[in-house]
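Trainee: I would like to go through this model term by term. Can we set each label against its cut-off?

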Amino acid sequence: MNKNGILLEVLQVLSDLDLHIFKAYITSDGGWFMDVFHVVDKQGHKVTDDKTIKYIEKALGPESNLLGAKGSNSPGRSVGLHSIGDHTAIELKGPDRTGLLSEIFAVLADLQCNVLAAEVWTHRMRVACVVYVNDVATGRAIDDPCRVSRIKTRLRHVLRGYGHGGGGGDGCRGALANFAVGSSAPHHVDRRLHQLMHADVDADGDGDGAPAAGGEGSTRPVVTVEHCEEKSYSVVNVRCRDRSKLLFDIVCTLTDMQYVVFHAAVSSEANFGIQELYIRRKDGKTLLKDEAERVLRCLEAAISRRVSEGFTLELCGRDRVGLLSDVTRVLREHGLTVTRADVTTVGGQATNVFYVRNPSGQPVDMETIEGLRGRVGQTVMLSVKSVPAAVAKVPEPGSGGVARTSFFSFGSLFAKLRA
């Protein structure tokens, strides 16, 4: 049975498993929907792990809570598939700068906050992050109002840059530190990060005017909005470099903008994702001209903010208080800018993944990487991988991509499956 937002819930499950959707058919008629996803794991292989398959069947099958019949989800918060227990969630947003992440984690360590998990995104000189912490001494959530206020004050001071950009200018625009405990914490961290950064797109007003990181205008996603007069849909076409969680980012943005995806076709061709989505407003109407322009701007930002170039540094080791503060300080001392970060702790073992480049936006040279390995490799295992830059041009509409799909129905979907 169909319900508002169910497509996003399905995609959240697949996203948490790091499954890559390289083809999909999505359709809904009346009170029913049918979605078909062709997926591979993050190494590009067919999913054969029995545990993963059973998890998918349980999370999306008849016994799942997709229709909300069983009330709220389990009481424990999870990042991906890992439960993180009793915690306090801290949401931060503000202007980005080199070394900011190091300062944030140093403050948390100084205030006896143990970081259980964190995810950090940066885009166009703005940063948003969600950090899950507990008290070092007790291992419990931090809910004392006085202590929360003290932590919030220190973090806001860091976000504002210790007086840089003073006078209320852009240097401290939108600096935000929010706290949530237990069930009030964000249910899905990626969706919350999109929401935190979404307001900046409207505030800037020129989200579609700057190229993506790397300086090449050809790496920007191509997004168009057309109107299907025959069936009263607005048709969103997206062509960009294919990557993991691309469909999730698009549907998440449209859902939070109060649009409904009724039908869609997704494919991947020569490392490019080609997506066509038939949408309406929640009131059943198609998009007006100014709405279409805002959708273009927001979708381009949502797609670009998860794209990273340069190197990934994956550090694995025994977790301890202050580990993140020490690691990020070393990154700062080597002049590296963290563009994204994903921090998890499972069974006392910390896995920290940082996407880094130098402040000029260029890839990090190997001499710096070797120096970094010498500093942090003494206590934790360090794996360095290059993130390939997008050098090919995004195919233009009608140049070998997916042809305009006819109006979807269950019958046409079955025909596609048989083919």
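Predicted model: local features only at pLDDT ≥ 70, side-chain atom pairs only at ≥ 80, totals over all residues.

The questions and answers below take up the labels one at a time.

Mentor: Two ground rules come before that. Residues are numbered from 1 along each chain as its sequence is written.

Trainee: What makes a stretch a helix or a strand, and how many does the chain have?

Mentor: Both are DSSP runs, numbered from the N terminus: helices are H or I with at least four residues, strands are E with at least two. By that rule the chain has ten helices and 16 strands.

Trainee: Why is Met125 called exposed?

Mentor: Buried means under 20% relative accessible area, exposed means over 50%, and partly exposed lies in between (1.4 Å probe, protein chains only). Met125 has 56% relative accessibility, so Met125 counts as exposed. It sits in the loop between S6 and strand S7 (126-135).

Trainee: And why are Gln258 and Arg150 called partly exposed?

Mentor: Gln258 is at 41% relative accessibility, so it falls in the middle class. Arg150, in helix H4 (residues 145-159), is at 46% and therefore gets that label too. Over the chain, buried residues make up 49% of the 419 residues.

Trainee: What makes helix H1 "mostly covered"?

Mentor: In H1 (residues 6-16), nine of the eleven residues are buried. Among them are Ile6, Leu7, Leu8, Gln12 and Ser15.

Trainee: What makes a group of residues a nonpolar core?

Mentor: It is a set of buried Ala, Val, Leu, Ile, Met, Phe, Trp, Tyr and Cys residues joined through side-chain atoms within 4.5 Å. The largest such core has 46 residues, and Leu108 and Phe354 have the most contacts inside it. Helix H3 gives the largest share, six residues. Beyond its neighbours within four places in sequence, Leu108 is in contact with residues including Ile90, Val115, Val133 and Leu155. A second, separate core has 40 residues, among them Cys240, Leu247, Phe248 and Ile250.

Trainee: Why is a space called a cavity and not a pocket?

Mentor: On a 1 Å grid over the protein atoms alone, a cavity is a set of points where a 1.4 Å probe fits but cannot get out; a pocket is an open set with protein on both sides within 12 Å along at least five of seven lines. Lining residues have an atom within 4 Å of a point. Points are joined across faces, edges and corners, and the volume is the space filled by probe spheres set on them. By this rule there are four cavities of 30 Å³ or more.

Trainee: What lines the largest cavity?

Mentor: Its lining has 17 residues; Arg97, Gly99, Leu100, Leu101 and Val338 lie nearest the centre. H3 gives the most, with four residues. The volume is about 140 Å³.

Trainee: How does the second largest cavity compare in volume and lining?

Mentor: The second largest cavity has about 120 Å³. Of its 16 lining residues, Val115, Arg320, Gly322, Leu323 and Leu324 are closest to the centre. H3, S6, H8, S14 and strand S15 (349-357) each supply at least two lining residues.

Notes: Heavy atoms only, no water. Contact = heavy atoms within 4.5 Å.
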